[in-house]
Amino acid sequence: MTDRLSPALSRIAASPTTAMTDRASALRAEGRDIISLSVGEPDFATPPHVLAAAHAALDAGDTRYTPVTGTLALKRAAAEHFARDLGLPTDPAQVIVTAGGKQAIFEALAATVGPGDEVIVPAPWWVSYPQMVRFAGGTVVLLETRAADGFRFTGAELEALVTPRTRWLLLNSPGNPTGAVFPAAMLDEVADVLRRYPHVLVLSDDIYAPLIYTGAPHVTLAARHPDLADRVLTVSGVSKSHAMTGFRIGVATGPAWLIEAMGRLQSNACGNPASISQAAAVAAFAGPQDFLGQWREVFRRRRDQVVAAVNAVPGLSTPVPDGAFYCLVDAAPLADRFGGDDNALALHLLEHGVAVVAASAFAGPFGFRISFAADEVVLAEAMRRIGAALA
């Protein structure tokens with residue numbers, strides 16, 4: 001029945017990360033002992049003050065429609081978050097609230113990209129970026145980065161890909177799947193290039209901003225270069241930072257014309273995000289933030305544990321990620337054993353009780369991505385299984 005699908009849908013595939021997670025869940029339901037390191041979901045409990053706000057909203061009967069683009073209370077709290085945590089002064093009127101950061105990115109691309117438009121995406125990339133571009137009818141332009149360079153790119157490498165058809169540049173720092181953090185000097189190079197090409201928009205996905213392990217502050221393009229802010233969409237949320245993945249709340253800020261266009265699309269696609277989730281997100285942004293430092297230290301320990309364990313397995317290696325909670329594992333020495341197909345490698349590991357995602361899903365080199373957002377004991381057992389599976 002594929003002939004009944006729209007041309008837009010035929011250009012995309014299901015997310016490989018959710019597909020592997022669903023496969024792991026199905027095996028568990030069959031009684032298999034599967035450790036899932038395939039999805040980026042903090043294992044911490046949602047902070048008590050956030051849960052209390054959700055309960056209070058329920059008790060108050062706040063279960064009706066809200067404004068399509070979010071409540072004023074949440075827009076104000078999000079504006080405070082952008083200013084406090086990203087250094088980006090923000091007018092609440094230029095904030096849109098979406099059902100997760102993914103929806104904000106989709107709406108921005110769907111509202112602006114059409115046939116013939118090009119979108120530059122640094123790779124390895126988050127799996128949904130190219131799918132969203134293709135769904136909108138655009139062309140994905142791969143900007144290759146390398147582990148040896150910290151998965152960063154230069155202004156010259158960017159400029160070589162810009163054409164009159166370039167519509168967007170996508171930035172993700174800290175990055176998924178690499179954990180790469182873009183330093184100020186690199187963003188300065190990017191800004192210099194962008195000033196020569198005023199037709200290029202920038203989408204800055206800062207969802208992992210609270211999770212940087214270098215000790216340096218997070219840097220986002222619109223804050224560092226305010227003269228470019230009128231063509232930058234900055235995306236954030238509470239899923240990763242506050243362990244609220246199921247609440248499905250993302251926020252974005254950018255030029256008024258783009259926020260309006262995204263809102264127009266949202267009004268016809270889904271309406272407002274859940275009212276109770278919005279109340280919880282107000283508490284997340286406006287409430288205590290001290291626990292973030294404690295969580296960050298736990299993630300740092302887990303990162304170091306996984307990096308050491310990966311590099312101890314013959315045939316595997318990984319750089320130390322500077323942020324987020326992923327390791328992109330290079331398994332190139334094992335490529336011949338699996339016919340050059342890292343999906344076969346991922347399935348082999350799944351049969352040995354560990355769910356990971358093939359690096360090819362991220363346009364990465366032969367290998368796989370591990371999420372270390374799991375308990376240390378679980379991570380130790382998962383790495384033991386991986387080592388045994390490849391021995």
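# Close-up views

**View A. Helix H3 and helix H11 cross in a right-handed way.** Helices here are DSSP runs of H or I with at least four residues, strands are runs of E with at least two, and both are numbered from the N terminus. H3 covers residues 48–59 and H11 covers residues 275–286; they pack at about 145°, with axes 8 Å apart. Axes are lines fitted to C-alpha atoms, for helices over the stretch in contact, and angles run from 0 to 180 degrees between N-to-C directions. On the H3 side you will find His49, Val50, Ala53, Ala54, Ala57 and Leu58, which meet Ile276, Ala279, Ala280, Ala283 and Ala284 of H11; contact means heavy atoms within 4.5 Å. These residues divide into ten nonpolar, one polar and no charged. Nonpolar covers Ala, Val, Leu, Ile, Met, Phe, Trp, Tyr, Cys and Pro, charged covers Asp, Glu, Lys and Arg, and the others, Gly among them, are polar.

A word on what you are looking at: this is a predicted model, in which local features need pLDDT of at least 70 and side-chain atom pairs count only at pLDDT 80 or more, while totals for chains, interfaces and linings use all residues. Residues are numbered from 1 along each chain as its sequence is written, and side-chain values use heavy atoms, with hydrogens and water left out.

**View B. Here is the whole protein, with its 14 helices and twelve strands.** Its radius of gyration, taken over C-alpha atoms, is 21 Å, close to the 21 Å that the globule rule (2.2 Å times the number of residues to the power 0.38) gives for 391 residues, so the protein is as compact as a globular protein of that length. Along the principal axes, its C-alpha trace spans about 55 × 55 × 55 Å.

**View C. Seven strands form an open sheet with mixed pairing.** Follow the order E2-E8-E7-E6-E5-E3-E4 from one end to the other. Two strands pair if DSSP finds at least two bridges between them. At the edges stand strand E2 (95–98) and strand E4 (139–144), each pairing on one side only. From one strand to the next, the twist averages 20°. Zoom in on strand E3 (residues 118–123): E3 pairs with E4 in the parallel sense over six bridges, and glutamate 118 has threonine 139 of E4 as its bridge partner.

**View D. Helices H4 and H6 each lie across strands of this sheet.** Helix H4 (residues 72–86) lies across E2, strand E7 (232–237) and strand E8 (250–253), running at about 110° to E2. Helix H6 (residues 128–135) lies across E3, E4, strand E5 (166–172) and strand E6 (201–205), and runs at about 150° to E4.

**View E. Three strands make an open antiparallel sheet, in the order E9-E12-E11.** Strand E9 (326–330) and strand E11 (357–358) are at the edges with a single partner strand each, so one side of each has no neighbour in the sheet. E9 pairs with strand E12 (residues 367–371) over five bridges in the antiparallel sense. Tyrosine 326 has serine 371 of E12 as its bridge partner.

**View F. Helix H14 packs with helix H12 and also with helix H13.** H12 (residues 291–311) and H14 (residues 376–390) pack at about 15°, with axes 10 Å apart. The two are therefore roughly parallel, the word used for angles under 35 degrees. Their contact is made by Val298, Arg301, Arg302, Gln305, Val306, Ala309 and Val310 of H12 and by Glu376, Leu379, Ala380 and Met383 of H14. It has seven nonpolar, one polar and three charged residues. H13 (residues 342–351) packs with H14 at about 115°, with axes 9 Å apart. Leu345, His348 and Leu349 of H13 make this contact with Ile386, Ala389 and Leu390 of H14. Five residues of the H13 contact with H14 are nonpolar, one is polar and none is charged.

View G. Most residues other than glycine have a negative phi, and most peptide bonds are trans. Yet the bond from alanine 123 to proline 124 is cis, with omega near 5°; proline 124 is in the loop between E3 and H6. Asparagine 176 and proline 177 are also joined by a cis peptide bond, with omega about 25°, and proline 177 is in the loop between E5 and helix H8 (184–195). Phenylalanine 151, which is not a glycine, has a positive phi of about 55°. Look for phenylalanine 151 in the loop between E4 and helix H7 (155–159).

Notes. Angles under 35 degrees count as roughly parallel, over 145 as roughly antiparallel, 65 to 115 as roughly perpendicular and the rest as oblique. A crossing is left-handed if the near helix is turned anticlockwise from the far one by less than a right angle, and right-handed if clockwise.
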